[in-house]
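Here is a short report on how one chain packs. Please look over the sequence and model before reading on.

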Amino acid sequence: MVDAADTESGLKFFRPLAIRNFRLLWIGSALSMLGGQLTMIAFPWLVLRLTGDSFAMGAVLAASGVPRALLMIFGGAFTDRFTPLRMLIWMNWIRMALMLILATLVFTGTIEMWMVFAVAIVFGAADAFTCPASSAILPRLLPPELFPPGNSLVQGMGQLSQMLGPVLGGLIIAYFSAGDGMAVGDLLGISIVFYLDAFGFIIALISLNMMRLAPEAAPTTAFNVGTILQSSWQGVVATWNDFPVRMLACMFAVFALFFRGPYLVGIPMLAHSRFEDGALSFGLISSAFGVGALIGLLLAGTLRRPADHHIGLLLLADIVVLGIGLVAYAFTTHIEVAMLFSALSGVADGYVIVIIISFLQIRIPQAMLGRVMSVIMIFNMGLLPLSAAVSGALIRISLESVLLGAGCILIGLALVSSMVPKIRTLGLGNASDTGDNTIESVDDDIDPHT
């Protein structure tokens, strides 16, 4: 997989870049991630310009999230069967085509809301297969001791793009604004953003196709609905039987329900209704989160990895900080204050996510990693449709109440959970304890003698 000599020189944080396959993944991801952050501004702004309705924006997020939630469990099974690299290549082709179609529809002025919903649904389905593959590929490129800096570099590039992308997207949309009409203004700038995102996927495809990984054992059973269902169920059972992994999944569910929806729907509406230069303000708040997250990722990649039994408490602390941020958004009338709390939330979230991902990649066998990560992502991302739809509907009544209520719920749940030792420590008694029910490699599709 990797020569140990390749990892002996240089600073720990940058050692993964000395490995060719990881370097290709990292470089190829850069423009793709930047394009994705541009789209995070353009997509909700397109819905707002077409409808001006927070419920419509929540409905579009839900339309993307439903197929992602329904198919995510199968995405992990496909990843473990066909390899993460192959799945990433296939899904990037699909996502590139979607962005080109959407960009052209917006550029020609033929875009309608049903088309936006259609693109969101297909993109969500592609994400269901992309996300498990993205989490499962890194252990095939690096030795375990380089997981934290490797994850920090990948996630750091994502956060750097989150820092630059929203502002750049807001500037592009604002510069090319065509007028004040709700159905006309900003469409040219939005189409340019979508074209740039498509270009990012092209770069990612080139890099992925240049990677050379050792061949993996070929499945010996037939590829059919039965084997996929059986393989997917193995991921569910493995996740449930491992208490620390199960607890992390539950904490991700709390995060998804009470942060993701209110933030993704509430922040665009906050910028649109309360601050001047709506799209640019939206970009500034999102970029501030990216700056903070980048700092957190750098800390996670350079500092000593905390003991496993501290990870649960770290995640609960992250949830508290995110809740405080939502409360701050509810009351502030100054863009600078909103940006400050976005940055603080980003620092906590960036640090914790690298620690958790590295913990899971070490704990879960590679043969099961795609399936178990897909189950965890269902809790993290699959609940987004419900959260987004409910948030969009409630924000129609009161934006401030939704942000305040969600923030207080996050803070309260995290504080109560911190008083339960088994939750606080993930059931791990000490740094060397790996729990009573660790995940074992189960893969009935693979013949070990192949």
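Residues 24 or more positions apart make up 88% of the chain's contacts with a separation of 6 or more. Contact here means heavy atoms within 4.5 Å. The model is predicted, so local features need pLDDT of at least 70 and side-chain atom pairs count only at pLDDT 80 or more, while totals for chains, interfaces and linings use all residues. Residues are numbered from 1 along each chain as its sequence is written, and side-chain values use heavy atoms, with hydrogens and water left out.

The chain has 15 helices and zero strands. Both are DSSP runs numbered from the N terminus: helices are H or I with at least four residues, strands are E with at least two. Of the 450 residues, 57% count as buried. Buried means under 20% relative accessible area, exposed over 50%, and partly exposed in between (1.4 Å probe, protein chains only).

**Helices α8 and α10**

Two packed helices are described by the angle between their axes and the distance between the axes. The axes of α8 (residues 243-274) and α10 (residues 311-331) come within 11 Å and cross at roughly 20 degrees. Axes are lines fitted to C-alpha atoms, for helices over the stretch in contact, and angles run from 0 to 180 degrees between N-to-C directions. α8 and α10 are therefore roughly parallel; the cut-off is under 35 degrees.

Residues of α8 in this contact include L248, M251, F255 and R274. On α10, they include G312, L315, Y329 and F331. The contact residues divide into 17 nonpolar, one polar and one charged. Ala, Val, Leu, Ile, Met, Phe, Trp, Tyr, Cys and Pro count as nonpolar, Asp, Glu, Lys and Arg as charged, and the others, Gly among them, as polar.

**Aromatic pairs**

The structure holds ten aromatic pairs. Rings of Phe, Tyr and Trp (its six-membered ring) pair if their centres lie within 6.5 Å; planes under 30 degrees apart count as stacked, over 60 as edge-to-face and the rest as tilted. Two tilted pairs are tabulated here.

| Pair | Centre to centre | Angle between planes |
|---|---|---|
| F123 and F201 | 6.4 Å | 50 degrees |
| Y263 and Y329 | 6.2 Å | 50 degrees |

F123 in α4 (residues 113-137) and F201 in α6 (residues 187-210) are 78 residues apart. Both F123 and F201 are buried. Y263 in α8 and Y329 in α10 are 66 residues apart. Y263 counts as buried at 10% relative accessibility, and Y329 counts as buried at 2%. Y263 and Y329 also belong to one aromatic cluster with F255, F259 and F289.

Definitions and conventions: Angles under 35 degrees count as roughly parallel, over 145 as roughly antiparallel, 65 to 115 as roughly perpendicular and the rest as oblique.
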